[in-house]
Amino acid sequence: VLVHQLRNPLTALRTYAQLLMRKLGPESRHVSLIEGLLVEQDQLNRYISALDEISQSQLPSTKTSPSPLLLPPVLSKGPSLNVRSLLKPLLERAAATAHLQGRKWYGPSEWPDWTKKTKSSSEGVIAEIVANLLENAFRYSAANSPIGLYLSEKGICVWDGGIQIAENQRERIFQKGVRGISTDELSGSGLGLALGRQLSEQLGGQLKLIVPPSAVDDSLPNEGNAFCIILTDKLLQERKS
């Protein structure tokens with residue numbers, strides 16, 4: 001699980017380095033520094049892939065013991081912790097990735113009141129779940145399909161406008177080590193959705209696949225998939241001091 005979670009920040013580092021390379025242009029005297037960063041990122045990815053291969057033969061295909069609540073990638077400390085502050089760095093990362101891939105990105109049009117309320121540090125793991133959902137969306141959806149994050153009064157949805165996941169795969173993909181048939185040729189460990197569902201349940205919420213995204217809200221596409229974190233009323237309330 002820890003190895004899997006390392007991929008998100010490493011991918012983000014590569015995205016930002018590539019965007020910086022574009023901004024500077026090939027004539028910049030700083031290009032060699034960025035190229036060095038990209039080389040080191042590739043080397044780290046090779047190490048992670050090797051660790052993944054070592055673990056695959058023993059990876060359970062069904063949920064056994066609960067996964068630990070890992071530190072979210074953008075966990076803030078202190079009384080100012082809220083979902084909005086947790087999600088903003090992830091939205092910036094997603095916008096940068098979409099720009100690099102030449103696809104459309106749609107951030108939330110508004111922030112519900114619950115996203116601005118003070119939360120306990122343990123609930124910061126919501127950001128880790130969202131990071132996994134975004135990583136999956138950019139990795140597995142069709143290259144030209146849009147991706148977005150939608151906020152409602154009940155939770156958070158990461159959606160894409162690509163090919164819908166087959167009905168007979170919609171529950172299987174939440175099992176450890178299982179990935180959709182259409183993604184078999186792509187790299188990945190099949191842990192992201194399983195981890196996301198376990199962490200959601202440990203918080204008292206749920207992680208569901210809703211097809212198509214327009215079933216969540218009419219403003220979303222009629223094609224594609226929406227992975228939604230449904231939060232309980234307790235999670236939506238402000239932390240009491």
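Helices (H or I, at least four residues) and strands (E, at least two) are DSSP runs, numbered from the N terminus. By that rule, Leu-51 belongs to helix α2, which covers residues 31-56. This is a predicted model: local features need pLDDT of at least 70, side-chain atom pairs count only at pLDDT 80 or more, and totals for chains, interfaces and linings use all residues. Residues are numbered from 1 along each chain as its sequence is written, and side-chain values use heavy atoms, with hydrogens and water left out.

- Buried means under 20% relative accessible area, exposed means over 50%, and partly exposed is in between (1.4 Å probe, protein chains only).
- Leu-51 counts as partly exposed because its relative accessibility is 45%.
- Val-3 is 48 residues from Leu-51 along the chain, yet their C-alpha atoms are separated by 7.4 Å.

**Helix α3**
- Helix α3 takes in residues 83-101.
- The expected span of a helix is 1.5 Å times one less than its number of residues.
- For the 19 residues of α3 that gives 27 Å, and the end C-alpha atoms are 27 Å apart, which agrees.
- Asn-82 caps the N-terminal end of α3, with a side-chain oxygen 3.1 Å from the backbone nitrogen of Arg-84.
- Such a polar contact is a pair of N or O atoms within 3.5 Å; within protein, one must be able to donate a hydrogen and the other to accept it, and residues adjacent in sequence count only if both atoms are side-chain atoms.
- The buried residues of α3 include Val-83, Leu-86, Leu-90, Arg-93 and Thr-97.
- Just after α3, Gly-102 has a positive phi of about 70 degrees.

**The sheet**
- Two strands pair if DSSP finds at least two bridges between them.
- Five strands form an open sheet with mixed pairing, in the order β1-β2-β3-β5-β4.
- β1 (105-106) and β4 (206-210) are the edge strands; each has a single partner strand, so one side of each lacks a neighbour in the sheet.
- Two bridges link β1 to strand β2 (residues 147-151) in the parallel sense.
- Across that pairing, Trp-105 faces Ile-147 in β2.
- β4 and β5 run antiparallel and are joined by five bridges.
- Here Leu-209 stands opposite Phe-227 in β5.
- In a regular strand the side chains alternate between the two faces of the sheet.
- On β4, Leu-207 and Leu-209 make up the covered face, while Gln-206, Lys-208 and Ile-210 make up the uncovered one.

**Helix α5 over the sheet**
- Helix α5 (residues 192-202) lies across β4 and β5 (225-230), at about 130 degrees to β4.
- Axes are lines fitted to C-alpha atoms, for helices over the stretch in contact (heavy atoms within 4.5 Å). Angles run from 0 to 180 degrees between N-to-C directions.
- Nine of the 11 residues of α5 are buried, so the helix is largely enclosed by the rest of the structure.
- Among them are Gly-192, Leu-195, Arg-197 and Gln-198.

**The disulfide**
- A disulfide is taken as a pair of cysteine sulfur atoms within 2.5 Å.
- One turns up in a search of the whole structure.
- It joins Cys-157 to Cys-228, with S to S at 2.0 Å.
- Cys-157 lies in strand β3 (residues 155-160) and Cys-228 in strand β5, so the pair ties together parts 71 residues apart in sequence.
- The link of Cys-157 and Cys-228 is right-handed, with 110 degrees about the S-S bond.
- Cys-157 is buried at a relative accessible area of 5%, and Cys-228 is buried at 0%.
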